[in-house]
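Let's take a walk through a protein model together. Have a look at the sequence and the 3D view first, and then we'll pick out a few spots.

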Amino acid sequence: MADSTRTATLTLGDKSMDLPVLSPTAGPDVIDIGKLYGKMGVFTHDPSFTSTSSCESSITFIDGDEGELLHRGYPIDQLAEKSHYLEVCYLLLYGELPNGAELEDFENRVTRHTMVHEQMHRFFTGFRRDAHPMAVMVGVVGAMSAFYHDSTDVNDPWQREVASIRLIAKVPTIAAMAYKYSVGQPFVYPRNDLDYASNFLRMCFAVPAEEYEVDPILTRAMDRILTLHADHEQNASTSTVRLASSSGANPFACIAAGIACLWGPAHGGANQACLEMLREIGTVDRIPEFVARAKDKNDPFRLMGFGHRVYKNFDPRAKVMKQSAHEVLELLGIENNETLKVAMELEKIALEDEYFVSKKLYPNVDFYSGIILDAMGFPTSMFTPIFAVSRTVGWISQWKEMIADPNMRIGRPRQLYTGPTRRDYVEVEDR
């Protein structure tokens, strides 16, 4: 529990109250207003909760000014360079990096849960072929609670553990099935002899007519994409999962809620929006026109994939993703693709142009991840589902932490009411 030996005094009219000041292990101090309404009869007003701490967590820490992202204390760039996705999953779930035996056991448990119940295949035929994969994922992940009854009791620690492993293992399978369904190809079953990222790529791109082997560079790039998006503190979708969880809803419903929130273009759809912008620009010679529009305060156009709401410095994930982007483009030999030429020229401008440098509008992780996924052959409609695959472990870790908190209560934000005051009903003939 955070230290609360100091207080801040709030004075309102002739009333005053001492509010505990909590000191975290990192980040700014937090004023505890939990008893404010009971003692002072007022609420605080914080639209979008940008200045409100909604929970106590030991999972992820972000320092936007310094461009720092830590998972359980480990910098994201070190994890992305030296570790791999399932090891980071273990770290997020259990608080420490695993030893060799622990990692092997964890990988085995995840690998052997990657298949989905055969009857779940029928769910997909109920969707139109042109349904967005995210729409499919929201429905199918939510429906998991209808198949896995033995892991829906949130009050049972063992069932919480089983549900966690099942979600980490099966969400990639469901995402791959959503993609296969959208392109009219047969589903590809997972294989237990492949690592997590290779298995996902194979389920997306293999066909029964020929053998499919994943290139190690593509596997590494996909693993980095998953690692770099695994958790990001109390963002919109994570907060959605926590709020849904506070009611005692089953874990599959809560993760489905997170997927629904992630679908928004301001959240998980950012890399898709970035790639669509690059295609709108079209050719390198049109870049000056769009850069001028981005600088024009009266023009609604803005460059997607540059800057970040949280990071006021360089996005630490972007440095690693940039390296992967160049490795993938070199491997696939598509450096001459016009969209990629536009991306590389825009990157150069953003790193050198005084306007972008002064405003710290550096390329972010969405800029590079969109380029990589496009080069791999994924349509833009699959960008957000892949994000959901990655973020599932973050949502689960936050969910498990919240459920185990003895102080957990159902979420109930307040409001600043601005509607009409009480008025009496008038019969129709008198109106």
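Start with Glu347: at 6% relative accessibility, this residue counts as buried. Keep in mind that you're looking at a predicted model, not an experimental one. So who does Glu347 pair up with? Its side chain meets that of Lys322 in a salt bridge, with 3.5 Å from N to O. Glu347 sits in helix α15 (residues 338-352) and Lys322 in helix α14 (residues 316-332), so this pair ties together parts that are 25 residues apart in sequence. Lys322 is partly exposed, with a relative accessible area of 28%. Why can such a pair form at all? Side chains of opposite charge can pair when their charged atoms come close.

There's another pair to find at Arg286. This residue forms a salt bridge with Glu289, and the closest N and O atoms are 3.7 Å apart. Is Arg286 buried, exposed or partly exposed? Its relative accessible area is 31%, which makes Arg286 partly exposed. Glu289 is partly exposed too, at 40% relative accessibility.

For a pair out in the open, go to Arg422 and Asp424. Their closest N and O atoms are 3.8 Å apart, and they form a salt bridge. Both Arg422 and Asp424 are exposed. Salt bridges can also join up: Asp105, Arg109, Glu161 and Lys400 are linked in a network of them. Over the whole structure, the search turns up 16 salt bridges.

Now zoom out to the domains. The chain is assigned domain 1 (7-53), domain 2 (75-265 + 381-404) and domain 3 (269-376). The C-alpha centres of domain 2 and domain 3 are 27 Å apart. Where these two touch, 24 residues come from domain 2 and 25 residues from domain 3.

How much area do domain 2 and domain 3 bury between them? It's about 2,100 Å², with 69% of that on carbon and sulfur atoms. On the domain 2 side, Leu228, His232 and Phe383 lose the most area to domain 3, together 30% of what that side buries. And how many salt bridges run between domain 2 and domain 3? The count is zero. There is one residue pair in polar contact between them.

Which helices can you look for on the domain 2 side? The elements giving two or more residues there are α2 (76-82), α8 (196-205), α9 (216-228) and α18 (383-403). Of these, α9 gives the most, with seven residues.

Note on methods: Residues are numbered from 1 along each chain as its sequence is written. This is a predicted model: local features need pLDDT of at least 70, side-chain atom pairs count only at pLDDT 80 or more; totals for chains, interfaces and linings use all residues. Side-chain values use heavy atoms; hydrogens and water are left out. Domain bounds come from an automatic or database domain assignment. Contact means heavy atoms within 4.5 Å. Buried area is the accessible area (1.4 Å probe) that two parts lose on being put together, summed over both. A salt bridge is a side-chain nitrogen of Lys or Arg within 4 Å of a carboxyl oxygen of Asp or Glu. A polar contact is a pair of N or O atoms within 3.5 Å; within protein, one must be able to donate a hydrogen and the other to accept it, and residues adjacent in sequence count only if both atoms are side-chain atoms. Helices (H or I, at least four residues) and strands (E, at least two) are DSSP runs, numbered from the N terminus. Buried means under 20% relative accessible area, exposed over 50%, partly exposed in between (1.4 Å probe, protein chains only).
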